[in-house]
Amino acid sequence: MPAGSEEIRLPPRRIEDVVRMLDYYKPDPATVTRARELADTTPPTDSGKAELLDFYRKRAAANARLGRIDQQIADLRQAVDLSEPRTWERAGLLGVLATAESSGGNVLDAARHSDEAIEQLPAENPSRLLALLQAAAYYYATLGDFPAARERVRRAEAVFARLRGKRSWEARGALWTARIERARAEIFRIEGRLVEAEASYRKALAAYEENRRQEASAGADGERAERFDAILERSLASVLLAQGKLAEGEMLARRALQKSLERVGRGATDTAQGLALLSSILSEQGRYAEATRLAEESLRSYLDSGAVETNLNVVRARQSLGAALSAQGRYREALVIFERNRDLLKGDPVLLQKIGTGHIEWIISLLRSGNPAAAERMASTMLERSVKRYGEKDVRSALLQGLLGAALAGRGDATAAIEVFRNRVPLLLGQARNDAEAETGTSRKQRYLVLILEAYLRALSAAASPSDAAIAESFRIADVARSSVVQQALTAAAARANIGDPELAAMARQEQDTQHQIGALSTLLSELLAAPPAQQLGGIQENLRRDIARLKEQRDTLLRQIVGRFPEYAELVWPQPVSLDKARASLHAGDALLAFYLGERESYVWALDAQGRTNFSRVPVGRRQVAEQVGQLRRALDPGVVSIDELPDFDLAAAHTIYRQFLAPAASVWQGAKKLIVIPHGELAQLPLSLLPTAPAEIPAAAGERFAGYRDVPWLVRQVAIEQLPSATALVSLRRLRERPIADGSFAGFGDPLFSAQQAAANAAEKGGAERGLASRGVRLGLRSRPAIGQVESAELAILPRLPDTGVEVREIARVLHADPARDVFLQREATERRVLEMDLSNRRVLMFATHGLIPGDLDGLEQPALAMTSPAVAPGAGTGLLTMDEVLSLRLDADWVVLSACNTAAGEGAGAEAVSGLGRAFFYAGGRALLVSHWPVETVAARLLMTEMFRQQSTAPTLSKAEALRRSMLSLIDGPGARDAATQRTLYTHAHPLFWAPFVVVGD
């Protein structure tokens, strides 16, 4: 949710409202039956020319309704032949014929028929001419003939200028404005000039909406205007999708879909297209199950409209459904869909080529379902075709070579696979960086890249005893694969961030815009090369190749300039993978490093220390099994209960199993270290390693103080201090910074934000409201309330529960650090996004946010990690109420500590967990040296004790590392007196259960 977006009405976070609409607008079988009856009617033999022309026109419309494009085109040609030359009727029929040819994939004939329609206009009719020129410009742009497209736009602009002087301007000027803006927008979009395209589409849409209001006030049927409204909203949504503006794109796609359903129902092509677009947007957000549901509905809508199974739109819808199933991990179901298309299109190789991008997901489904031989055959065939069209060094060919390498690795030929990967992975990594920078199709392409990198890892580790070179290469590749989702989020956020240096901001925007154009023209070239030679314009492909090469040269020049002038920004956006030797050189005496990677079938662990010892081990469990293990442990750490009596036992056996699998094999390297630097991956990022028992242990039978038995468990925290990093690259970057002791009075703390007017009113009515959270003690488990948003269809900021006790915690830390409460503490109405963004934080050495941490999808339209701040409903003009990742990137900090004392700041589920690491990286870029984050909703009293003791430790021993200060604070909580009854001073329970002492982790150095 970008800053300043208060005016954008964002969509719900789930699609139940869309599903309800689809259920309401049932398809009408009678309409399809009537269309079929008319489409199957034979021409009358005893009719005159006019009657016969009318018959073909009507039958063409019926065939169009059924998606029988070839029959529609044949009927329209008959109607054109029967019409009189240079009449309005012939011009109109040729315009419809052009649309049909374009729908059938023959854009060249569409352009020719459009030009012919212009020639056939019998007299000057500026309004009709404007519409035909707009269509012609679109067809020529789709053919890649931009000079011809621009020439028709220039003619349209001349016509538009004449129309401005007409008396009918007041009644029809909005419609004409919409047409000229749409003509400009479509050329911009196809060229990849997305900023200009967005602006023109917005103008066209506003004008069409005004035209609809004019027609409604005049009593005219507004159906045509509503149809164009929906078309333009879909077009604008697709441009927003290409720019990574997914929340607003989703909102527009939903609105267009609703208009289509209200106008033509669910069994219609227009509705099917809207569902397909919305499915693509959800897929790009990583909402694969919902994307699959809508892809199924899109195919169903095409079929309910009566369209034949070999119709191009139906074929593409089926291919999209297969891709959605594959992305969701339903590989065998995806194969059934892909094979259905193959069987239907055996006699149409041209159509098979047009849906070629779907074959990537087909190959992946074959690989993931255990058929690498079939995947290898398909990848080889596609690679041969790709090399012939684009060349061996093109990224499309490199992707297919990477998939071929994955197939080779899958069937056990590690040597051949490694050779392929070494040659092609660098090119794929470069393209992934470009895609993330331009925010084009990143979710899908990142999945492809990670699959290839995992296969590379598997091949490198295939030997019983991998060589030192193979271990070093696997370490580097794992660091790239592990951080790919984080890097994607960070790169996109950096592109959106309010960069302080105007020159860098201009260069970054120019580089992003250039990459958009490269991507758009490359896609256009691919589509043109897939068309039969008879449907292509000569010389266009070579012109496009030259334009792409020129743009790449411009982009590379910009990249060199940015890297030379702004190395910190370049390091954030385009980090170079770190070698094992470079990572080791960054370790201090007493440090050891553990890096993990969870693969689909097996996992990997690298251990190294500053003395040169290295250990590499394979763990025979995949990511899904680890997720189950971690989920089992978190049930006792994030239990969702309110009473101490309900708190489940921590599964010590399961925790020790993780230690035995992932840490014990490398114990000879890390045991004895003073500090263990951990680079987690996947679900291991949701579990602080400090709570793993280093030996088998059991909780003794209940006796004495509650949870006291946990004090005797050999927790890893008793052996070593632990800090966490998102990547080895981050280690090298952070170790360049000079560590400093905490300075008194250099603190800023934000806490107890108010998320709704109701919370503000209740707070005003309370006496000492900020303190009341601490009253919940005794046998009640004082967990900070977590957002109840799991199954909620729509979640706004106001749904978040208030955290009043965080105000006490912020004040406690301020007291320990000798800060000024009046100057350095910002609570409730003062804890706003705007205050954070407008304050000078560059002199604050400790920065604290005690609030909810949110991951993408938690709230409506939230696309990036964020910290919840006071709502604009409480403090008008204070911002959106969310401090997002791109805003963090714009901060200027010089902080030794950034404390995120919030639930959900260390880990969420799936991609969310990794994206939150991106929030940490954003704070690092902004100038933070280390973060303190929590893994689950913290218990309020324990959190306060833990935090204040940690800062007390650092204040009294300034040379103490952050990780060691946290370790000592944890041990003091484990071994301390626990929670006591205020009246009797009797111990109610100890804090030795890991729920109390283990939630926080140091991220950074």
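This is a predicted model: local features need pLDDT of at least 70, side-chain atom pairs count only at pLDDT 80 or more; totals for chains, interfaces and linings use all residues.
Residues are numbered from 1 along each chain as its sequence is written, and side-chain values use heavy atoms, with hydrogens and water left out.

Let me start with the whole protein. It has 41 helices and 16 strands, taken as DSSP runs numbered from the N terminus, with H or I over at least four residues for helices and E over at least two for strands. Of its 1005 residues, 61% are buried. Contacts are heavy atoms within 4.5 Å, and among those with a separation of 6 or more, 74% are between residues 24 or more positions apart. The protein exposes about 39100 Å², of which carbon and sulfur atoms supply 50%; the area comes from the Shrake-Rupley method with a 1.4 Å probe, and for residues only the protein chains shown count as cover.

Now to the sheet. Eleven strands form an open sheet with mixed pairing, in the order β3-β2-β1-β4-β5-β16-β13-β12-β8-β6-β7, where two strands pair if DSSP finds at least two bridges between them. At the edges are β3 (614-619) and β7 (825-827), each of which pairs on one side only. From one strand to the next the twist averages 20 degrees, with axes fitted as lines to C-alpha atoms, for helices over the stretch in contact, and angles running from 0 to 180 degrees between N-to-C directions.

How many of the residues of β13 are buried? In this strand, residues 930-934, five of five are buried. A930, L932 and S934 lie on one side and L931 and V933 on the other. As background, in a regular strand the side chains alternate between the two faces of the sheet.

On either hand β13 has a partner, and I will take these in turn. Strand β12 (residues 897-900) runs parallel to β13 and is joined to it by three bridges, with V899 opposite L932 and L900 opposite V933. Strand β16 (residues 1000-1004) runs antiparallel to β13 over five bridges, and there V1003 is the bridge partner of L931.

The charged end of K962 sits over the ring of W897, 5.7 Å from its centre; the criterion is NZ of Lys or CZ of Arg within 6 Å of the ring centre and within 35 degrees of the ring normal. R396 likewise lies over the face of Y390, at 3.9 Å from the ring centre.

Finally, the aromatic pairs, of which a search of the whole structure finds 25. Rings of Phe, Tyr and Trp (its six-membered ring) pair if their centres lie within 6.5 Å, with planes under 30 degrees apart counted as stacked, over 60 as edge-to-face and the rest as tilted. Why is the pair of F338 and W362 stacked? Their ring centres are 5.6 Å apart and their planes are at 20 degrees, so the pair is stacked. F338 sits in helix α16 (residues 331-344) and W362 in helix α18 (residues 358-368), 24 residues apart. W606 and F616, by contrast, form a tilted pair, 5.5 Å centre to centre with 50 degrees between the planes. Because W606 lies in strand β2 and F616 in strand β3, this pair ties together parts that are ten residues apart in sequence. W606 counts as buried because its relative accessibility is 0%, and F616 counts as buried because its value is 15%. Ring pairs also link F650, F707, Y710, W715, Y989, F996 and W997 into a cluster.

How values were computed
Buried means under 20% relative accessible area, exposed over 50%, partly exposed in between (1.4 Å probe, protein chains only).
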